[in-house]
Structure formats: C-alpha cells, structure tokens
Amino acid sequence: MYARNPVCHWCGCRVRSERKKGNRATLDHVYPVSLGGTHTADNFVLSCPGCNINKGNREPSEWLRYLESVALQLRSALMLQPDPITKAVHP
Ligand SMILES: [Zn+2]
C-alpha cells in the first residue's frame, strides 16, 4: 500500500511514510465503519491527516461533493485576484 511517492487518495497531496515526520500517511476507511464499512484492505486508502479528519464519517460520494465545492470556491477566489503581471504593467 505504501508506494515510493505516496499521495493522498482524496486530495492528491504527497504524504510521508509512517517512519518520517511531516504530512504522515494515514489509513482511511473509504466507507466509514459507523456506516457499515469493514476493516478490510479493499476499504482502506492512503489519506493525508487533513482529509482523514475532515472526511470523518461521510460517505465517499458526500466527501467528494464537499471537495468539489471547496475546489470551486478556491477557483472562484483565485479568479477574483488581480493578475500580478497585469497589475504590475497597469498599476
Ligand atoms: Zn488529502
């Protein structure tokens, strides 16, 4: 399960093996145990701590919808920022 350059299954950020400090990889239940998920390999994915904690007991589809809404909000916020080159040329 631990690849050479492991990434979070949910957000794609790089995670580190358990032996190293930093953004440590966690094992996340795709289907939460509280919703009937099992402790079997087919129900585990590598996850960064942030996704694991924030996903909590959400079903995968609900979590993915949440991530998509956050991504849309971030894209909108970035598009509202003035282009730094335009700003430099036309202060
Ligand atoms: Zn993540």
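Helices here are DSSP runs of H or I with at least four residues, and strands are runs of E with at least two, numbered from the N terminus. On that basis, this predicted model has 3 helices and 2 strands. Their order along the sequence is β-β-α-α-α.

**Overall burial and contacts**
- The protein has 91 residues, of which 11% count as buried.
- Taking contacts between residues at least 6 apart in sequence, 42% join residues at least 24 apart.

**Nonpolar core**
- C8, W10, V15, A25, C48 and C51 form the largest nonpolar core, which has 6 residues.
- In soluble globular proteins, nonpolar side chains tend to be buried together.
- One of the core residues, C8, is in contact with C13, V15, L46, S47, C48 and C51 when neighbours within four places in sequence are left aside.

**G12**
- G12 lies in the segment before β1, the strand spanning 26–29.
- G12 is exposed because 10 other C-beta atoms lie within 10 Å, and the cut-off for exposed is 12 or fewer.
- Although G12 and S47 are 35 residues apart along the chain, their C-alpha atoms are separated by 8.7 Å.

**L46**
- L46 belongs to strand β2, residues 44–47, and is among the contacts of C8.
- L46 has 19 C-beta neighbours inside 10 Å and therefore counts as partly exposed, since buried requires 20 or more.
- The C-alpha atoms of L46 and H29 are separated by 9.1 Å, with the two residues 17 apart along the chain.

Notes
Residues numbered from 1 in each chain as written. Predicted model: local features only at pLDDT ≥ 70, side-chain atom pairs only at ≥ 80, totals over all residues. Core = buried A, V, L, I, M, F, W, Y, C linked by C-beta atoms within 7 Å. Contact = placed C-beta atoms within 7 Å.
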